[in-house]
Amino acid sequence: MLLGKNEYKLILLDTNALREIVTNENYSGKGFLSKFFAEQRLYAPCFSIYNAVELMPYKDIYEKFLDFFSTIPCLMFFPIKLIIQEEYQSFLQGIDFKITNQVANSFNPIVNDDSYNCRRFFERLSANKELMQIISDEISPLKSTATTWESQRNIASKQIAKLALPENMIDEKYYRFVEKETIIKDLINWGIEPNRDIDLEKFPSIRIMEYSQFNRIHCTKKTIKPNDVMDITISGIVPYLNAVITENYQANVYKKAKSFIPQMQSLEIYTLKDIREC
C-alpha cells in the first residue's frame with residue numbers, strides 16, 4: 001500500500017504484539033523497527049481501533065502507544081462490522097474488496113493534517129463521548145463471550161461423551177462440512193441477510209474469524225480469555241494484509257487456514273519471538 005511517497009507491506013499487530021512493542025520499546029520496539037522498518041524492508045504496522053481504546057485506561061501504556069505510532073506511518077482499522085459489511089457489498093457489486101478510508105485510517109507523521117496524526121486523532125476521538133461509548137460497548141462483552149465459548153466447548157464434550165462418540169469427532173473435516181452454514185448464520189448476526197448461493201471465497205474476513213473461533217473452542221483445552229476473543233475479532237482483516245505478528249497458537253491457526261483460504265496463501269506469519277530476538 002502506498003503511504004505518502006513509499007510503498008509499504010501491511011503487518012497486523014495483535015493485542016499481545018501491540019502491548020509488547022509499546023511497553024518494551026527499548027527491546028521489542030526497536031526489534032520491530034529493525035526487522036520491519038529497515039531501508040530495504042518497509043512494513044507499515046496495523047492495529048485495530050479496539051486495541052487503542054482498550055489501552056486508554058492504562059495511562060502510561062497509552063502514552064507510549066501514542067508516542068510510538070505518532071512517529072511512523074501506520075494504519076488503524078475501524079470496527080470489524082464495517083469491514084464485513086464492505087466485504088459483502090463488494091461481493092454484491094462483483095468487485096474485489098479494497099482497503100479504503102471506509103474501513104481504515106492511515107497515520108503519517110510527515111503529513112500536516114490532524115487526521116493523519118495518531119496522537120491528535122485519538123485526542124479528538126476521546127472527546128467524542130458518544131462515539132467512545134459505542135466503541136466501548138462493542139469491547140465490553142469480550143469477557144462474557146469468552147465464557148460463552150467455554151460453555152459451548154463443555155456442552156459439546158458432554159454430548160459427545162453421552163453418545164459414546166469419539167472425542168475428536170469435531171475436527172477439521174467436520175468444520176469444512178458446516179463452514180458455509182455457519183458463515184451464513186454469522187452474517188445474519190452481523191445484520192446481513194445473505195443469499196444462500198454466496199461464494200465462500202469472497203468472504204475471507206468472516207472465514208478466518210469463524211475458523212479461529214472453531215479452533216479456540218474445539219481444538220484446544222486452553223482457557224479462552226478476553227484477549228483471545230479480541231484477537232479473533234481483529235483477525236478478520238488479516239486476509240487482506242501481507243503479514244501478521246501474533247502469539248503461537250493463533251499463528252498455527254493462520255498456517256492451517258492457508259490451505260483453504262486463497263487470500264491467505266502468501267501471508268507472512270511472525271510471533272513475538274521474531275521481534276524479541278532482533
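Reader: How many disulfides does the structure hold?

Author: A disulfide here is a pair of cysteine sulfur atoms within 2.5 Å. Cysteine 46 is in none, and its nearest cysteine sulfur, that of cysteine 74, is 8.2 Å away. For the structure, the count of disulfides is zero.

Reader: What should I know about the model and the numbering?

Author: This is a predicted model, where local features need pLDDT of at least 70, side-chain atom pairs count only at pLDDT 80 or more, and totals for chains, interfaces and linings use all residues. Side-chain values use heavy atoms, with hydrogens and water left out, and residues are numbered along each chain, as its sequence is written, from 1.

Reader: Is cysteine 46 buried or exposed?

Author: Buried means under 20% relative accessible area, exposed means over 50%, and partly exposed lies in between (1.4 Å probe, protein chains only). Cysteine 219, at 33%, is partly exposed. Cysteine 46 has 0% relative accessibility, so cysteine 46 counts as buried.

Reader: How many salt bridges does the structure hold?

Author: Side chains of opposite charge can pair when their charged atoms come close. The cut-off for a salt bridge is a side-chain nitrogen of Lys or Arg within 4 Å of a carboxyl oxygen of Asp or Glu. By that rule, the salt bridges of the structure number eleven.

Reader: How many residues apart in sequence are the parts tied together by lysine 9 and glutamate 268?

Author: Lysine 9 and glutamate 268 form a salt bridge, with their closest N and O atoms 2.7 Å apart. Helices (H or I, at least four residues) and strands (E, at least two) are DSSP runs, numbered from the N terminus. Lysine 9 sits in strand 3 (residues 9-13) and glutamate 268 in strand 9 (residues 268-271), so the parts they tie together are apart in sequence by 259 residues.

Reader: Which elements do glutamate 63 and arginine 119 lie in?

Author: Glutamate 63 and arginine 119 pair in a salt bridge, with the closest N and O atoms 3.2 Å apart. The pair ties together parts 56 residues apart in sequence, because glutamate 63 lies in helix 4 (residues 59-69) and arginine 119 in helix 6 (residues 118-127).

Reader: What volume does the largest cavity have?

Author: On a 1 Å grid over the protein atoms alone, a cavity is a set of points where a 1.4 Å probe fits but cannot get out; a pocket is an open set with protein on both sides within 12 Å along at least five of seven lines, and lining residues have an atom within 4 Å of a point. Grid points are joined across faces, edges and corners, and a volume is the space filled by probe spheres set on the points. The whole structure has two cavities of 30 Å³ or more. For the largest, the volume is about 60 Å³.

Reader: Which helix gives the most to the lining of the largest pocket?

Author: The largest pocket holds about 970 Å³ of space. Of its 32 lining residues, the closest to the centre are Trp149, Asp186, Asn189, Glu210 and Gln213. By class, the lining has 17 nonpolar, eight polar and seven charged residues. With eight residues, the leading contributor is helix 9.

Terms used. Nonpolar A, V, L, I, M, F, W, Y, C, P; charged D, E, K, R; others polar.
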